[in-house]
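This report describes aromatic contacts, charges placed over rings, and a nonpolar surface patch. The sequence and structure are shown below.

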Amino acid sequence: MDDKNGIVADFQAITGIDNAGEALMHLSNFNWDLLAAVQHVTPQHTQHLPSEGRSNQLNAPTVMIADDFSGMTASTSNETRRLITIEIEQHGHIIATLKVNDGSTIDDLKTLVYAESNIPCCLQNFNGWPNNQLPSNKDTLSKLNLPDRFKLNLIRGDGDLNQELNGRANLRMFTLNITMEATTSSEYQVYKLSFSSDQTVAQVKEVVANLTKLPISNQQWLGWPHFVTPATTLEESHINYPVHDFKLKPSNSILKHTRRRYNTRLNSVVDMETSDSPMPSSSTSSSSTSSSSSEEDPFEDAAESLSGIDDDDDVDTMFMDTEAPTRIRPLIAEDTEDELAGCIQFIDEFQNRYGDMRPQFFLGTLDQAIKIACFKPAKDKRLLAVYLHHDRSVLSNVFCTQLLCFESVVQYLNTNFLVWGWDMTHPSNRNRILQSASLSLGTMAEITLRAIDINRLPALVLFTRNRSNTEILSVINGDCNISELLSSLINAQEMFAIQQQVEIKEEGERNMREMIKVEQDEAYQQSLAIDRAKEETKRVQEMEEKAIRTQIESQERQVAAEKEAIRQRIVASLPAEPEPGDQVAKIRFRLPLGKFLERRFLASDNLQVLFDYLYISGFSQEEFKVISSWPRRDLTTLGVTQTMKELNLYPQETLTLEER
């Protein structure tokens, strides 16, 4: 990435293009071939720089393709290109009328819109393409079969576009809090920017470059995971959602060069003939110091590097950064507010002091580091390496430059350990880490860290979690050589691997038991649910049967009540039985079970009186037929107004009752 940043800087210096996003676009189109990109942007037939052509266009009410831009949009063939007029509308107002040939790409169109509206290309989104098309940035206008004139609606990505993206289920909005470190010309600033999850790291840096006027090649970030590339999207970067904090500061190659030269000179004070040789004694250090006194002063290199700088303030700042060791900025300031702020300072200052070849320190508190490294399933656990630094120890600078930042050590630490760093130089910071260790790891861990002698610092303290206890596996002091350091790390990792395999096996057996228990619980719950369902079905069925019985009984009671009411009415209206005598008919009734009823009726009584008598005796017409013997006939089918005499039931007759 540093090589590409250098190419971008060279391209901007040659072409005069200030916008890093535009420079990136030109270089990427030519696969980072600097010469081809420069020739493309500055063709031979024009004698002015691209920035001049662009400034002329800004004064025109209608944006035409600039001369310096025609080479980018021209076709490689000899065919005649068609001019297309595109009106760009934003919030109901036309902000630009562009005339471009159909060989231009969407990226070219966005660049022209940026020249007119100052809206960065990565924040531009167009609606209203003819035929509802959704072209990509690399599509040419000729592929879209566009009319000669049409209108597009411009939606800005940091405002109106957010509303549109909220309707797309596959995108999330990230809020990035970017703290811009103070420089000699300005105080620190905090930018709160929103990006959709499909935006790349390069696009984020381009937006920041437009806001801060700090080219991408001069941006130095703290907060990106170590594996991200410019093409990595925010969704793929695994940064915190929905809000993530970054620190940004201008990189200074001269300052870095001076610091490296100074650190090299400082390292040479302690003579290490081989990487495996023991640490030097104080006498050796003294002799080395005296022998180096004959060399040229380390500030002479810094002065030579600064010969091309005219700003006296910048020169003074450079020299202040490279004064005596006692004035080097601490890794963690004494007045650090909290542990997280101290970690951020530590990582930032460690990189400034010792360069990019360093362990990937965890950005977070000690408690968070312990949870991420140790409180995971057995197969995902890692050893936690806590690096404790002390600037007043004579071993610190040599240990960092020659051992901790040694390539093999860095690779082994980053692969097998989660590394967390802290500076114990100031008493307040030492007390803070001891208190944090006591809360997170227990009293024994605090006692162990407190017992480390300052003369044996710096140290790497290796933590592991064995079953339910987080314990110190090993303490590697700073008075070791590269072989001892690597051996200690490898031995610790091998011990941890053996322990990890045991835990994985135990965890697998435990998970299997839990799975069997869960399956048994599920089977029991299913059986219980089936029994409950049966009981519920039975209860519902009984309730339904009871409701039916209740309804039937109610209907029967209602029918009985109606029959009783009819019976009472008939009893009240039935004439009394007459005494024997003339005009009295004696009727005998043969019942179904062989019993008999007998009653006298007046010869003038009609048939209804006979039926009423049978009804109150319990034999209604609906249930029984009344049959005369000779001639055989069903009296219930005859008219009820006929008298006994008319029916030849006088003076006496025997009638048979038959069930219907």
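This is a predicted model: local features need pLDDT of at least 70, side-chain atom pairs count only at pLDDT 80 or more; totals for chains, interfaces and linings use all residues.

## Aromatic cluster

One aromatic cluster is formed by Phe346, Phe350, Tyr354, Phe361, Tyr387 and Phe399.

In total, the structure contains 19 aromatic pairs. One of them joins Phe350 and Tyr387 in an edge-to-face arrangement, with 6.3 Å centre to centre and 80° between the planes. The angle qualifies as edge-to-face because planes over 60 degrees apart are classed in this way. Phe350 belongs to helix H14 (residues 339–354), whereas Tyr387 belongs to strand S10 (residues 383–389); the pair therefore ties together parts that are 37 residues apart in sequence. Both Phe350 and Tyr387 are buried.

## Charges over rings

Two arginine side chains are placed over phenylalanine rings. The charged end of Arg588 sits over the ring of Phe596, at 4.1 Å from the ring centre. For Arg599, the charged end sits over the ring of Phe601, and the distance to the ring centre is 4.8 Å.

## Nonpolar surface patch

Met512, Met515 and Ile516 make a nonpolar surface patch of about 280 Å². Of these residues, Ile516 lies in helix H20, which spans residues 482–573.

Is Ile516 buried, partly exposed or exposed? Its relative accessible area is 40%, so Ile516 is partly exposed.

Note on methods. Residues are numbered from 1 along each chain as its sequence is written. Side-chain values use heavy atoms; hydrogens and water are left out. Patches are made of residues with over 30% relative accessible area and no salt bridge: like charges are joined within 9 Å, nonpolar side chains (Val, Leu, Ile, Met, Phe, Trp, Tyr) within 5 Å. Accessible areas come from the Shrake-Rupley method with a 1.4 Å probe; for residues, only the protein chains shown count as cover. A salt bridge is a side-chain nitrogen of Lys or Arg within 4 Å of a carboxyl oxygen of Asp or Glu. Helices (H or I, at least four residues) and strands (E, at least two) are DSSP runs, numbered from the N terminus. Buried means under 20% relative accessible area, exposed over 50%, partly exposed in between (1.4 Å probe, protein chains only). Rings of Phe, Tyr and Trp (its six-membered ring) pair if their centres lie within 6.5 Å; planes under 30 degrees apart count as stacked, over 60 as edge-to-face and the rest as tilted. A charge sits over a ring if NZ of Lys or CZ of Arg is within 6 Å of the ring centre and within 35 degrees of the ring normal.
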